[in-house]
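Good morning, and thank you for coming. Please look at the structure on the screen while I speak.

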Amino acid sequence: MEDMESEVASTINEDTHILIQLKSENGELLGSPFDIPVSLTRDKLQLICNALIKEDEEIPYSFFVNEKEITGKLDSALDRETLETEKVLDIIYQPQAIFRVRAVTRCTSTIAGHSEAMIAVAFSPDGRYLASGSGDTTVRFWDVMTETPHHVCKGHKHWVLAIAWAPDGSMLASGCKNSQIFIWDPVTGKQKGKPLTGHKQWITWLSWEPLHINGECRRLASASKDGTVRIWNVALCQTERVISGHVQSVTCVKWGGEGLIYTSSQDRTIKVWRPDDGILCRTLQGHGHWVNTMALSTDYVIRTGWFDPADAQIVAESTSFTAAQLKEMALKRYTNFKQTATTERMVSGSDDFTLFLWKPAEDKKPVARMTGHQALINDVRFSPDGRTIASASFDKSVKLWDGKTGKFIASLRGHVNSVYQLSFSSDSRLLVSGSSDSTLKVWDVELKKIALDLPGHADEVYAVDWSPDGQRVGSGGKDRVLKLWRK
């Protein structure tokens, strides 16, 4: 029997031909089945795929056989024991980003300014501005081109815990431990309108209505320790609606691309709401402890709004589009994203060491329960293309999962203490993590290993963000300085 098996294995040599059928990730067939040698390389498959699709410009693709990626020759991804040369073999192709973001390699600036730890760092949707929130009660804007402090925004009376850019980049919202929300103008550094007050306890998360739904950027959702979510009209500086239903602190709020609001809470549930009438659509249950964080597969396309990272320039130009034009551009980008990613998916991370993958707009049953972390999950992100999930945990590891099925892909080890925050590069090929071991690490998502170790901070790194234009990474933490990293 063994002789026979080895004979079969030896017959699948370099000259063996098999029938293959190219399929998109949504199951659409590309052309008809054709005969190729098993020694065919990934580059040749690229040429065949581009010739069949007939796009104006060549697009890079990755190819999968039975969920295994073809990295070199086709035969290296084939299971020789089960391969049947008479049957048609399905090869799934996935388009990758046309542009490439280069890894940041060095710290170009260390900018002092905050007098307490930096809690949040965020680039504007087009990467032109950078904002930070700190325990010293201020919000600061930084000039990314000259790498100098720009504006200091004073108004909060307590630690600034959450910041969020309006999807058109015209405003920044900040929420503090004193339960107030302020709206700032990044150009002047001045406060817009009066503070938004109404929450009884501190603000945990802020999320704007997506640009493709409303070009005016008027509505903002805030989550609070008081167990409620408020929807604000920032133009009128008043509450439009109070959403209550959670019985403990609301840890995270996301305004989804389909117009629904998702909230996670320390009461172990995730709830789905209609923002216009505040009606509860469904409650997602499964976690055994506090739900700390959530991410949507549409997060990145919503975050960047009208701005397409593929069109990024080294020196960002100021734009003067109307609200209607911005909305149209954002809607086009969102529609294109939806064609490849189908339904909006959500991943939630909890103190019970697990993650759950959901299709929250459709079903209250989870797609997958993702186990493997040995401590609480602190941050979770979908890659911009929605195909990969990265999770950061207090167990010192970063883990990668399949964004559609929730299957475990790899553990990225290198940090020697808790990992706090993650951020993907806009082409989905790189990931940066900040940790309490005072370092940032850049990971190669394709090779599933560390690309660069970036020491430099004097203490724990709480916040990290990769600018949507791919040019730089901003980081901040306990040592009170903002560091900018470039390639």
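First, some conventions. This is a predicted model, in which local features need pLDDT of at least 70, side-chain atom pairs count only at pLDDT 80 or more, and totals for chains, interfaces and linings use all residues. Residues are numbered from 1 along each chain as its sequence is written, and side-chain values use heavy atoms, with hydrogens and water left out.

Let me begin with the sheets. Helices (H or I, at least four residues) and strands (E, at least two) are DSSP runs, numbered from the N terminus. Two strands are said to pair if DSSP finds at least two bridges between them.

Strand E27 (residues 388–393) is joined to E28 by five bridges, and the two run antiparallel. Here Ile389 stands opposite Trp401 in E28. The hairpin of E27 and E28 has three residues between the strands, and Lys396 takes a positive phi near 75° there.

E28 is also joined by five bridges to strand E29 (residues 408–413), again running antiparallel. In E29, Phe408 is the bridge partner of Trp401, and Ser411 is that of Lys399. Five residues lie between the strands in the hairpin of E28 and E29, where Gly406 has a positive phi near 80°.

I turn to another open sheet of four strands. Its order is E6-E36-E35-E34, with antiparallel pairing. Strand E6 (106–111) and strand E34 (461–466) stand at the edges with a single partner strand each, so one side of each has no neighbour in the sheet. The twist averages 20° from one strand to the next. E34 pairs with strand E35 (residues 472–477) in the antiparallel sense over five bridges, and Val464 stands opposite Ser475 in E35.

In E10, Cys153 is the bridge partner of Val139. Four residues separate the strands in this hairpin, and Glu147 takes a positive phi near 55°.

Next, the aromatic residues. How many aromatic pairs does a search of the whole structure find? It finds eleven. Rings of Phe, Tyr and Trp (its six-membered ring) pair if their centres lie within 6.5 Å; planes under 30 degrees apart count as stacked, over 60 as edge-to-face and the rest as tilted. Phe141 and Trp165 form an edge-to-face pair, 5.8 Å centre to centre with 65° between the planes. This pair links distant parts of the chain, 24 residues apart: Phe141 is in strand E9 (residues 139–143) and Trp165 in strand E11 (residues 160–165). Both Phe141 and Trp165 are buried. Phe356 and Trp358, by contrast, are stacked, at 5.4 Å centre to centre and 25° between the planes; both are buried. Ring pairs also link Tyr61, Phe63 and Tyr93 into a cluster.

Finally, a pocket. On a 1 Å grid over the protein atoms alone, a pocket is an open set of points with protein on both sides within 12 Å along at least five of seven lines, and lining residues have an atom within 4 Å of a point. The second largest pocket is lined by 48 residues, and Phe99, Asp308, Ala310, Arg333 and Asn336 lie nearest its centre. The elements that give two or more residues to this lining are strand E5 (88–95), helix H3 (299–304) and helix H4 (323–341). The largest share, eight residues, comes from H4.

Thank you for your attention.

Terms used
1 Å grid on protein atoms, 1.4 Å probe; cavity = no way out; pocket = protein on both sides within 12 Å on 5 of 7 lines; lining within 4 Å. Axes fitted to C-alpha atoms, helices over the stretch in contact; angles between N-to-C directions. Buried < 20%, exposed > 50% of the residue type's maximum accessible area, 1.4 Å probe, protein only.
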